[in-house]
Every structure is written in structure tokens, then in C-alpha cells.
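Open the model in your viewer and keep the selection tool ready. This tour goes stop by stop, with something to select at each one.

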Amino acid sequence: MGALDSLSDFVHDFFAVAKQKRKRKPLQTVEIKVKMDCDGCERKVRNAVSHMKGVKSVEVIRKQSRVVVTGHVEPNKVLKKILRTGKKAEFWPYVQYNLVAYPYVAGAYDKKAPSGYVRNVVQALPNPSAPTGAGEHFTTMFSDDNPNGCSVM
């Protein structure tokens, strides 16, 4: 019986280790900016990415030159796969205009950005060490809704 117990333990340990090695990557969304001119370019990029292991969905928005990949994938592998198609690609460098505190700071405004987006730069984000209530105080001081506001307005 001792031999069968040790064999059973060995087999159990072998499959337990194999199961641990196959941990799944977390579900994530990867956004990539890809230069696409025609339907052929769009189809080429979509086919390259959709055949990757772990990809759940691929959304190609040619007007914004944007590819959104959702699945259990690594962002760098998705970018490399798109670069192998011969297209110029980079990670999506933009954020929505209304999510940025200073959208017209130097380097944030980009003429090539899609409508409603600005470049994601550090200077455009608010300083975390700055007091948060001060900015709101000044904006309400000069608003039309404030009856005690400045009489110059």
C-alpha cells in the first residue's frame, strides 16, 4: 500500500503544479492607435489580433485610428502582433477631454487627436499635493449663479 500511496501523491502533486503554471491572465482592455487607410488595412489588423490566444473581442474604429482589444492578453504582445502587419502602431496616447484638469497645457493639445480627446501628459493632470477645494472656490466665486459674486461680471 505504501507504493500506491506515494504514486498517488506524486500524480496529485504533478497535476497540482501543472494547474498552477496555467494561471490565467486577468481580463483587460488594450487600446492601440493604428494608422489605417482602407478596408484592407482594417481587415488585416482585425484578423491578426482576433486570432491571438485569449482575445474575446476586437473593435476597430478606423475614423479614430483606434483598435480596442478585450481579453486575457498582454498589451505588449498585442502591440507586437499589430506591428508585424506592417502598420504604424502605438498604445492609445489620448484621454477624454473632460477627464483632464488642464487640456490646453503645452504638450496636451494635439491637432491629430480625435474629436473630444487630448494627449495624456503629466502636466495636464491635477497636482495631487495641491489643495482640492481651492479651485472649486474660485470657480463658484465668479459664476452667474452666485448672487454674492463679483459685480464686474
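Helices and strands here are DSSP runs, numbered from the N terminus; a helix has at least four residues and a strand at least two. One caution before starting: this is a predicted model.

**Stop 1: a loop residue**

Select Thr-85. It sits in the loop between α3 (75-83) and β4. Is Thr-85 buried or exposed? Thr-85 counts as buried, because its relative accessibility is 13% and buried means under 20%. The backbone oxygen of Ile-82 is 2.5 Å from a polar atom of the Thr-85 side chain.

**Stop 2: the aromatic cluster**

Select Trp-92, Tyr-94 and Tyr-117. Together they form one aromatic cluster. How many aromatic pairs are there? The count comes to two. Start with Trp-92 and Tyr-94, an edge-to-face pair. Their ring centres are 5.2 Å apart, with 80° between the planes. Trp-92 is buried, and Tyr-94 is buried as well.

Next, look at Trp-92 with Tyr-117. The ring centres are 5.8 Å apart and the planes stand at 90°, so this pair too is edge-to-face; the cut-off for that label is over 60 degrees. Follow the chain between these two residues. Trp-92 is in the loop between β4 (89-91) and β5 (94-96), while Tyr-117 belongs to strand β6 (residues 117-119). The pair links distant parts of the chain, 25 residues apart. Both Trp-92 and Tyr-117 are buried.

What sits over the ring of Trp-92? The charged end of Arg-66 does, 4.6 Å from the ring centre.

**Stop 3: salt bridges**

Now turn to charged side chains. The whole structure holds six salt bridges. This tour visits some of them.

Select Lys-35 and Asp-37. Their side chains meet in a salt bridge, 3.2 Å from N to O. Lys-35 counts as exposed because its relative accessibility is 51%. Asp-37 is exposed too, at 56%.

Move to Arg-62 and Asp-39. Their salt bridge is 2.5 Å, N to O. Where do the two partners lie? Arg-62 is in the loop between β2 (55-61) and β3 (66-71), and Asp-39 is in helix α2 (residues 39-50). They are 23 residues apart, so to speak a link between distant parts of the chain. Arg-62 counts as partly exposed, at 31% relative accessibility.

Stay with helix α2 and select Arg-46 and Glu-42. They form a salt bridge whose closest N and O atoms are 3.4 Å apart. About one helical turn separates Arg-46 from Glu-42, because they are four residues apart in helix α2. Arg-46 is partly exposed, with a relative accessible area of 29%. Glu-42, at 18% relative accessibility, counts as buried.

Finish this stop by showing Asp-39, Glu-42, Arg-46 and Arg-62 together. A network of salt bridges links these residues.

**Stop 4: a nonpolar patch**

Which kind of surface patch do they make? The patch is nonpolar, with an area of about 330 Å². Zoom in on Phe-10, which lies in helix α1 (residues 2-21). Phe-10 counts as exposed because its relative accessible area is 57%, and exposed means over 50%.

Note on methods: Residues numbered from 1 in each chain as written. Predicted model: local features only at pLDDT ≥ 70, side-chain atom pairs only at ≥ 80, totals over all residues. Heavy atoms only, no water. Patch = residues over 30% accessible without salt bridge, like charges linked within 9 Å, V, L, I, M, F, W, Y side chains within 5 Å. Areas by Shrake-Rupley, 256 points an atom, 1.4 Å probe, with all protein chains shown as cover. Salt bridge = Lys/Arg side-chain N within 4 Å of Asp/Glu carboxyl O. Buried < 20%, exposed > 50% of the residue type's maximum accessible area, 1.4 Å probe, protein only. Phe/Tyr/Trp six-rings, centres within 6.5 Å; stacked < 30°, edge-to-face > 60°. Lys NZ or Arg CZ within 6 Å of the ring centre and 35° of its normal. Polar contact = N/O pair within 3.5 Å; in protein donor to acceptor, adjacent residues only side chain to side chain.
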